[in-house]
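Below is a short report on one model. The sequence and structure come before the text.

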Amino acid sequence: MNIRLKLAAIFLPLGLIIAAVPENTTKVYKLTAAQLLVEVQEGAQFMSTDEIADMVVQKDPSFQLIDVRAQDEFEKFHLPNAINIPLTDILAEDWADVLDQDVKMNVFYSNGNLKANEAWMITRQLGFANNYVMQGGLNHWAETIMDPKSPASTSPDDEIAKYDFRKGASMALGGGAVSTTKSNSDSSPKPEIKKKKKKKRAAGGC
Amino acid sequence: MGPLVVNEIISPDTNLFLAFLIGIGFGFVLESSGFSSSRKLAGMFYGYDTTVLKVFFTAAITALLGMLFFSLFGWVDLSLIYINPTFLHSAIVGGVIMGAGFIMGGFCPGTAFCAISIGKLDALAFIGGLFLGIVAFTEGYPLFEELYKAEFMGTPTINEFLGLSRGLFSFGLIAAAFGMFWVGDWAEKKFPREEY
Amino acid sequence: MNEVKKTKYWNPYIGGVMLGLVLLSANFISGRGLGASGALKSVIVSTVNTVAPDHAENAAFYKNYNETHENPMKSWLVFQVFGVLVGGFLSGTFAKRLKFKVEHSPKISSKRRLVFALIGGAFFGFGSQLGRGCTSGSALSGMAVLSLGGFITMACIFGTAFGLAYFFRKNWI
């Protein structure tokens, strides 16, 4: 019977300690130049076009594409559901809510890698998390997703599977690839969301 | 240091093996606490047996305190721990449906597995039902997709949502839990039942 | 504990602390909480993959699941649930509780109990998928990491069960 009281006598003081001490914030976002250098070398900010196409097709609500090119370029062409934050505006207060948050993952893209990577470096230096870069930019996107090269028939299976995926994604996104072979991936998949944060947080849940 | 698998102190395969050991611990504790009995589980909702309430909340505050102290000592990086994402609508609707299932079936999935391991046939029927329910969801997925994905809020923690510090909220939760235990003990005295 | 009861079960507070330690070790080792329903989903997906591969390729849910998971059976939860079966069995053996029986209130028949268990299971299975986790996966594990969703799910599960308890009292009391 008195176990409850004994337990309370242990837990409540422990709770008070926890309430009183400041939270351990050894893991702050803001980086030193040296840490940033390590991250740049690792290239962990890059996401492949395949990964991004997958999320666009799945309409993953947990990510946001950000076009860092100038506004006129954005108006000519942009990826589905992307928003436009030109690199020159990256520090504007209006965008701080978008860039500095931990709800969605942002993926920067430009024509190539350069501008997007610059945007990432600036935001990362400021200590913002959850920002990523589309590897190769729109040029690479066009090559791999909109107009994937058919692999040789002798290619290993995973090459062919990759091609099939890309073609499926391309068609789902209204790309130029016209199906010549029978493909069963033409129904646009609308699957369940999986959190695929590049942060290596453990996966879980039922 | 922790979580071990994320920081690559143990390999993914070791992680799976440890999952098995953790499962053994989970099953053993559930069974030993009486969670293999559906009448004991359902007893909480009628006040005659509040074991579930006590075990559930004691476990939650123990784990919570442990995590916070581990974090304080720098043993575990809380930012690498999986936090269940919050999808407001599906959490509410799913929770309501599960609640109805709980009072009808008398188990939840974890306790059903535990009960079947000691030969409770009603748990077998419950698990059969689980299969039907999950298949109904996976097969009819396009119908529920919109609800399933509505109101995505990221992975907020409740203390952020309420604007409290983690420690303060935890202390409040612990105090509330002991308050509930007190009510539970009172209810058990008021509606006594024999043990089965 | 009450004098009327001669319980063979652990004291609930001891059980709770032990369960908390199990959950803590899961978080410390694997960075995630406990669960159950996800393992059944893995079984279902891998069954569909084997029995009806065409269907698995076309139906949206399986298609996505297979894209994001390498092998549905090689998942943390599947191993954990096997452990639960073994652990429950061990505990039942030590406490001499191993026995095939249908547990139900003396006021109802075994058949009624089984039918309700089946229906309840179906509800729970469906709800656990919609709510992204069951009592252990979402409510308990979620609470331990202070997840807002975990608290909401927990409140909804127990709130609804309390609310409906009156209508099903004959099954239990």
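How many of the 196 residues in chain B are buried, as a percentage?

## Chain B

Buried residues account for 68% of the 196 residues in chain B; buried means under 20% relative accessible area, exposed over 50%, and partly exposed in between, with a 1.4 Å probe and protein chains only. Chain B holds nine helices and zero strands, where helices (H or I, at least four residues) and strands (E, at least two) are DSSP runs numbered from the N terminus. The C-alpha trace of chain B spans about 45 × 45 × 35 Å along its principal axes.

Of the contacts in chain B between residues at least 6 apart in sequence, 62% join residues at least 24 apart; a contact means heavy atoms within 4.5 Å.

## Sheet of chain A

In chain A, five strands form an open sheet with parallel pairing, in the order β1-β5-β4-β2-β3; two strands pair if DSSP finds at least two bridges between them. Strands β1 (46-47) and β3 (83-84) of chain A are at the edges with a single partner strand each, so one side of each has no neighbour in the sheet.

Strands β4 (residues 105-109) and β5 (residues 131-134) of chain A run parallel and are joined by three bridges. A:Asn106 is opposite A:Asn131 in β5(A).

## Basis

This is a predicted model: local features need pLDDT of at least 70, side-chain atom pairs count only at pLDDT 80 or more, and totals for chains, interfaces and linings use all residues. Residues are numbered from 1 along each chain as its sequence is written, chains are lettered from A and ligands numbered from 1 in the order in which they are written, and side-chain values use heavy atoms, leaving out hydrogens and water.
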